[in-house]
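Before you read further, please have a look at the sequence and the model shown here.

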Amino acid sequence: MLTKKTAGAGQGRGLRGLRLLAVPLAALALHAGTGAAVAQSHLDGDAAAGAPASAPAVRIIEGQVREAGPGGTLLYPSVTSCLTVTVRLADGGLVGAHASLFQVPGEYRSDRILGALRDRVGGRGVTAVEVRGAVGAWHPGYFTKAVESYGDGETVPYPTRPDPEGLAVAVADGLGQPRAKVTVTDVPDGDQTVR
């Protein structure tokens with residue numbers, strides 16, 4: 001006797017086969033930077049399947065100014081003698097600057113970086129400004145006259161103690177923001193991730 005297959009018969013094996021592919025696909029997704037959850041959601045057909053994967057962190061090396069949209073992440077790699085300045089925008093975006101004691105060829109000097117950051121922010125609303133890094137290595141004056149701009153016979157100022165208040169005032173002035181919006185935090189060497 002012939003039996004008629006009904007819709008859905010045998011689909012259990014096909015779905016199980018797809019689920020077995022989930023592990024290798026998830027590994028590939030992780031390797032590609034998209035995450036296992038996205039690969040799995042495509043296999044399971046849930047509502048998130050059509051949602052875009054989260055964007056990778058925006059990397060800001062010494063002397064650069066860049067930004068991440070709302071919900072984004074900034075990565076400042078290898079912050080040793082540097083300061084990072086992150087502006088939190090009212091829309092949830094982030095604009096950041098990686099200020100270096102000495103100019104990296106082709107990038108902003110310390111006395112130009114706050115102006116570039118201010119220009120990048122433009123007229124957008126600012127909720128906070130976070131300064132992090134080697135607070136003890138920075139004289140507030142480095143934001144108005146870079147170390148390499150001193151000529152022969154001129155004395156380069158150097159910090160004799162950490163001056164977080166002086167740095168906060170210099171950053172607030174350079175960005176045209178109220179001092180109350182600026183926080184300064186001494187952070188040990190390493191990468192900084194800001195979300």
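The points below take up the salt bridges and the exposure of their partners.

1. The model is predicted, so local features need pLDDT of at least 70 and side-chain atom pairs count only at pLDDT 80 or more, while totals for chains, interfaces and linings use all residues. Residues are numbered from 1 along each chain as its sequence is written, and side-chain values use heavy atoms, with hydrogens and water left out.

2. Seven salt bridges are counted, a salt bridge being a side-chain nitrogen of Lys or Arg within 4 Å of a carboxyl oxygen of Asp or Glu.

3. One of them joins arginine 124 to glutamate 67, with 3.0 Å from N to O. This pair links distant parts of the chain, 57 residues apart, since arginine 124 lies in the loop between helix 3 (110-121) and strand 6 (126-133) and glutamate 67 in strand 2 (residues 65-68); helices (H or I, at least four residues) and strands (E, at least two) are DSSP runs, numbered from the N terminus. Arginine 124 is partly exposed at 31% relative accessible area, and glutamate 67 is partly exposed at 25%, where buried means under 20%, exposed over 50% and partly exposed in between (1.4 Å probe, protein chains only).

4. Aspartate 111 and arginine 109 also meet through their side chains in a salt bridge, at 2.7 Å from N to O. Aspartate 111 counts as buried, with a relative accessibility of 12%.

5. In a further salt bridge, the closest N and O atoms of arginine 179 and glutamate 165 are 2.8 Å apart. Arginine 179 is partly exposed at 34%, as is glutamate 165 at 43%.
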